[in-house]
Amino acid sequence: MLLLPVWVSMLFGLLVGFLPLVGMEPMGAVKFDSDHTLNPKPLLSSSESNCSQLTLKVEFSSKVVEHEYIIGFTGYFSAKARSLYISSALRNAADEGLEWHIVPRENPASDFPSDFELVHICQASSSSLRTLEDHPYIKRVTKQRKVFPPESAAPCNNTQVTQKWQSWQSSRPFRRTSLSLGSGFWHATGRHSSRRLLRAIPRHVAQILQADVLWQMGHTGSGVKVAVFDTGLSEKHPHFKNVKERTNWTNEKTLDDGLGHGTFVAGVIASMRECQGFAPDSELHIFRVFTNNQVSYTSWFLDAFNYAILKKIDVLNLSIGGPDFMDHPFVDKVWELTANRVIMVSAIGNDGPLYGTLNNPADQMDVIGVGGIDFEDNIARFSSRGMTTWELPWGYGRVKPDIVTYGSGVRGSGMKEGCRSLSGTSVASPVVAGAVTLLASTVLNRELVNPASMKQALIASARRLPGVNMFEQGHGKLDLIRAYQILNSYRPQASLSPSYIDLTECPYMWPYCSQPIYYGGMPTIVNVTILNGMGVTGRIVDKPIWQPYLPQNGDHIDVAVSHSPVLWPWSGYLAVSISVAKKAASWEGIAQGHVIVTVASPAENDVGSELTSTVKLPIKVKIVPTPPRSKRVLWDQYHNLRYPPGYFPRDNLRMKNDPLDWNGDHIHTNFRDMYQHLRSMGYFVEVLGAPLTCFDASQYGTLLMVDSEEEYFPEEITKLRRDIDNGLSLIIFSDWYNTSVMRKVKFYDENTRQWWMPDTGGANVPALNDLISVWGMAFSDGLYEGDFTLADHDMYYASGCSIARFPEDGIVIAKKLKDQGLEVLKQETAVVEGVPILGLYQTPSDGGGRIVLYGDSNCIDDSHRQKDCFWLLDALLQYTSYSMTPSSLSHSHSRVAAPTGNERLLPQRLEGNHLYRYSKVLEAHLGDPKPRPLPACPHLSWAKPQPVNETAPSNLWKHQKLLSVDLDKVALPHAKVYRPQVRPLSPGESGAWDIPGGIMPGRYNQEVGQTIPVFAFLGAMVVLSFFVVQLTKVKSKPKRRKPRVKRPTYLQQQQTMTTGKNPTV
Amino acid sequence: MMVLRRLLRKRWVLGVVFGLSLIYFLTSTLKQEERSTRDRTLLEVKDTDHRIPWKVRFNLGNSSRQMTQCRNSIQGKTLLTDELGYVCERKNLLVNGCCNVNAPSSRQYICKSCLANGCCSIYEYCVSCCLQPDKQRLLERFLNRAAEGFQNLFTAVEDHFELCLAKCRTSSQSVQHENTYRNPQAKYCYGESPPELLPV
């Protein structure tokens, strides 16, 4: 009975989805070729790794169809209604002689309501289009586009929004008859940028992911306990049938959802009507941990989490997240939940497209971190990107998100009733949580379902999106049916994420694939996560074994492996460091081998014995001869500090809504564009995660220090001086440091309920001045901002300092800038002439290096960048690496005499700062903090190779699936600051956050609810006593007087009843 | 009107009206009680005389009794505590979930790593210590007085073992400034007082 409407809506969905194809150029059966060939070329030629040879095979161009416009509506309307709306909107324009008609669409879907109309308008003026757009039911007007097959190879776009190309598997039937693997129309992972019309699909996400197949088999999530940690849920919401319990953990006395966030999330998981969720029969446990003002505290979460453990919750959805992964009480608690077999699903964050923006708890190893895609399989712009930044500066980040799923314009339950659509990773998270719930209910032996096995099944079954790297898509797009197949043939085992290391595979293995390795370089670290489905604890037996493949030059690399001492909870890390052996110093080619890891867990059914599982981690690297010194750039990561744990303010003070510097300041996070640029210019960029004493300066042309917040060991300062005398060059991109401004930008943190005072400025200028003082250089405590032109390039100086002191024979460029310090402190505007911002200097010693200082890092940082200055970086590297003085700078009009710095005091460290708490260099001391003893440089113990005479397949990915799971054999019957992760919708997108007005404050309701019984009881007592009096009166008084006294009695009773009838709580 | 007046004069009519309203009153109040068991608000109005309906049952018999099936603390990295209060290593856990009492490392009611204020550095020892029969009075006192803000959790707890599992976990009482432990060394407490605040 239930299935019929499902089928009808499914059919309808298909038809509407199919509709854009009608009346277009035939697309042809273009098949996407996913078998990529290896690119033997060094990646130097490709300017953007996202633009690989993979994406160049099929290309289309599109052209605007003249006079034809697509009018998108705010909802689904019948053909008649749509025609009416358009004619009413164009009425005035028609008076001016505008001709228009609706282009008929003759297809079966035309009988059904649609949210768009194709209109032919002759000589449409922009004003007439605007009147159209002003109509209340019209969302947008766009030009009709026509798609053409390729004419010429389109150049790769070096843009943030990467071009996505579609594969169109039209050879397959558009119906869901039987389910063989990969036949799902919706799972075609290719796409085309022009095909925006697919937006008209009714987005019932559960059906798109083929949940109906599992429903038909009788699996609806029954018996699985799902917890939704969110803004609550109203009591009598029509979409839910099995709300087991609602609890409130906030300081607001209500259980109801005043925002709609929690209702939406619960709906995606378990709604049973209208916009269907995945698991309507699952037991819903609603935890209200957010107030209507979106406030929440760690302590509320801790108590609520304890309750979830007690209630033996199976699946827990957290559509929340924040940058603070150093919130130990919270992080420990999430581990504790996982250890108690609670499958944690969390939203990865809405801070994309910037890299290094992962949110906690989704970035934890044990949690399923979910990213968002749109219905055309593009990674949603808002979805946060990897890598994790916990491991910096010593190690390297893990791959996150784990999987991606629909998170853009997904339909879910409205706050009181009906449906609406929302976007955000908090939408994608319940999609996975719902899918996980449904999947858990399909497994007969529930013992097999645990946080690790579920994650393993999701990861192994996910469909990889072409042309997207692993820090954006994780393992790919959720595939419910394949996950079902894997889970139902699952045997407890260990697996790895990523399951192989192919440093040549582009773009998936970005950034590894963007730079080949060579002898003498910093070891490449891959941080692999071990998932252990055998038990909550596990260990790695003996040492991991490194087996190089002799026929494939495996002996040309050295591998070192380190791992978690105990795999807990259900997971651990395996850090693989790869280095080139000395004998391959001038060799070029591909080297392969594998690492074998054996994981053991105590067996639950057999005392004293252990379950073991052996996993193979194939490794494939590209080796090039060691590049010359001048081409090698070393990025100093060791001296970059960030939030968490301390308050390190943003480098751009205009960005008030994002006050913290939290993206890691790594070349693969917020300096990604700079890295890509340097790669495209032919430089090899390496990362130094250790003190400056730990690198061989004779190998590198330039040391790049950008936005450093850390202090320096005295040994580092001496070593750097010596290195520069010996030919190493140094480029410093500094930032602001002004103690008055630092005091001004303190803020009260709602989450930790305390005042936050910055521990440095944008950069630690006093520390930098200690480092460069020997050359007679220093930065000032000035704070400047403004636009200027340098060598015909438009530049923007965003909250930077100036150069206070510079050697006489250096080149110094000065510009006219605004004094932002004055603006911040006194709200006055003052323009300062001749602010020295850039300095170039050749050290006098024979063969000595060059030093460049620039006062602002914002123009090479991806976060909040307005105008890039990669051209300047190029020019500076030309100077430092090749001693070529850019004439545009040396002969600039802006060149001034070097400042002597006598007129102004140099910045001093802010008194009472707590930098020592977060510093690797300082430690607390009586009086001023003092430097610690210099730590030993990291030492890797290389694994002893055990060569084997094997050859690896050319494509490592396809061969790395879970053991003992043969998908083809599993028969299928025919038959989803902590804050809610909803991003503000951009204009033109439906379903904005409708924060309702006039909601009854929960507190009021609660109080009335509690006082009602008291009033009712008192009322009843009055009636009772009246009767007693009455009875005694009956015996003494005459009957006639009774009616007069009786009337009030009657009224009294009526009142009692009405008060009693108001049990609204 | 006269008919109505007459009718109202009849005592039985009034009795019926009264009876009906009494029934309505009782059902509505009962209904509310029922709902309050399902929808719990953390911060209910707290009056000092209000006794919380604890369900906790303490096992008064001797705990050396034989169990066929044990619950245990599930989560531990290396250690586990079973409901009889034994702490053992994972490898000494029997198939029925109980600790192997004969294993040399298994110990019952052990308060290792626990401080005088009832806070321990290892969760499993906290649970074991809390299961000691002589801790019963302390727990009862906690349930009746100190459990403010924990009613959701501790009204759902059914017996001594569940109480100890829940009590020893880190909670809102364990933190200062929300994101740091009051005492990162001894954060698992079975006692009434929160961990002692360590100076930064």
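Predicted model: local features only at pLDDT ≥ 70, side-chain atom pairs only at ≥ 80, totals over all residues.
Asp159(B) is buried, with a relative accessible area of 10%, where buried means under 20% relative accessible area, exposed over 50% and partly exposed in between, using a 1.4 Å probe and protein chains only. Arg71(B), at 30% relative accessibility, counts as partly exposed. Side-chain values use heavy atoms, with hydrogens and water left out, residues are numbered from 1 along each chain as its sequence is written, and chains are lettered from A and ligands numbered from 1 in the order in which they are written.

Asp159(B) and Arg71(B) form a salt bridge, with the closest N and O atoms 2.6 Å apart; the term requires a side-chain nitrogen of Lys or Arg within 4 Å of a carboxyl oxygen of Asp or Glu. Asp159(B) lies in the loop between α5 (151-156) and α6 (160-168) of chain B, and Arg71(B) in the loop between β1 (39-41) and β2 (79-81), so the pair ties together parts that are 88 residues apart in sequence. Helices here are DSSP runs of H or I with at least four residues, and strands are runs of E with at least two, numbered from the N terminus.

Turning to chain A, the side chains of Glu686(A) and Arg632(A) meet in a salt bridge at 3.0 Å, N to O. That pair links strand β25 (residues 684-688), which holds Glu686(A), to strand β24 (residues 632-636), which holds Arg632(A), 54 residues apart, and both Glu686(A) and Arg632(A) are buried.
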